[in-house]
Amino acid sequence: MYKKLEKVIVKHPKDAFISQEHLRENWMKYFYLSEPTYDEALKEYENFLTLLKQRVGEVLFLEQDERVGLDSIYAHDPVKFTPQGAIILKSGKALRQPEATVYREFLEKYDIPVIGQLQGDAVCDGGDIVWLNEKTVAIGRGYRTNDEAIRQLTEILEPMVDEIKVIQLPHDLGEEACLHLMSFISIVDKDLAVVHSRLMPVALRQWLLAQGFTLVEVPDDEYDALGCNVLALAPRVCMIPAGNPVTTARLKEAGATVYTYKGDEITVKGTGGPTCLTCPVVRI
């Protein structure tokens, strides 16, 4: 999750938010903090996209589709990539479940291999799956990811990894709020992670320290501003939402190059940072 990002999938707000009228009719249904301003969202996203294209070789765009809603702008969650191909997930948020079908069609169109898909009662968001290193995967067990999904993912991932760590997530703000494993940890190098330790299970934190990780701590107010949502573009090269000066300074002190983007409309209101806005396909 920290190697150089070569190919990524995104969705432009013009194809997810569609219009101000569409936002007005749907933002409460999707539990946004407030109604995004459509024109500002487009401007913010173009700036975000400029930063992304400067560092990433190929950017693929999901298309507008009436089967999916506002949250489809957060392209990370319906699928998780492995070295062998994609695993199609099924969101724990019912409104997002149609995204799995649309995503699979998209991957098939671009001849991107799919190695598995969750079946039956299994639900999981991509934000609950973190590659801690090349052979260790952590899966968050919370309101968006259940035990059956973890069982199926374990079977799919078994040939590729040595260990799967099941991380029990806290209740935090409740079932309707979006707390993912990636809400409180972002891997930005083989031995550097951005964390909000107050929400982190002790065993995971101790494991990271035992592996030699330096932990960049995100203060409470910046956690609320999605300061823990950090996208690695390459080892110690990363992107973070603007408005997180302490976390940004701490990353720089750890030797990281940090890019920031204004995300009031595309990030804060929908609680989806740069990792949520992007689905990494290839890292080298």
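Throughout these legends, a residue is called buried when its relative accessible area is under 20%, exposed when over 50%, and partly exposed in between, as found with a 1.4 Å probe on protein chains only. The model is predicted, and local features need pLDDT of at least 70, side-chain atom pairs count only at pLDDT 80 or more, and totals for chains, interfaces and linings use all residues. Residues are numbered from 1 along each chain as its sequence is written, and side-chain values use heavy atoms, with hydrogens and water left out.

View 1. A disulfide is taken as a pair of cysteine sulfur atoms within 2.5 Å, and the structure holds zero of them. For Cys-228, the nearest cysteine sulfur belongs to Cys-276 and is 11 Å away. Cys-228 counts as buried because its relative accessibility is 1%. Cys-279 is likewise in no disulfide, the nearest cysteine sulfur being that of Cys-276, 11 Å away. Cys-279 counts as buried because its relative accessibility is 1%.

**View 2. The largest nonpolar core.** A nonpolar core is a set of buried Ala, Val, Leu, Ile, Met, Phe, Trp, Tyr and Cys residues joined through side-chain atoms within 4.5 Å. The largest such core has 35 residues, of which Leu-132, Leu-181, Phe-184, Ile-185, Leu-208 and Leu-251 touch the most other members. At least two residues of this core come from each of several elements, including strand E6 (129-133), strand E10 (192-195) and helix H6 (202-210); helices (H or I, at least four residues) and strands (E, at least two) are DSSP runs, numbered from the N terminus. E10 gives the most to this core, with four residues. Another core, of 30 residues, lies apart from it and has Tyr-45, Ile-73, Leu-233 and Tyr-261 among its members.

**View 3. The surroundings of Leu-251.** Not counting residues up to four places away in sequence, Leu-251 touches residues including Val-188, Leu-192, Cys-238 and Val-258, where contact means heavy atoms within 4.5 Å.

View 4. Three strands form an open sheet in the order E6-E7-E8, with mixed pairing, two strands being paired if DSSP finds at least two bridges between them. E6 and strand E7 (residues 136-141) pair in the antiparallel sense over four bridges, and Val-137 in E7 is the bridge partner of Trp-131. Helix H5 (residues 147-157) lies across E6, E7 and E8, running at about 165 degrees to E7; axes are lines fitted to C-alpha atoms, for helices over the stretch in contact, and angles run from 0 to 180 degrees between N-to-C directions. H6 also packs on the sheet, touching E6, E7 and E8, and its direction makes about 30 degrees with that of E6.
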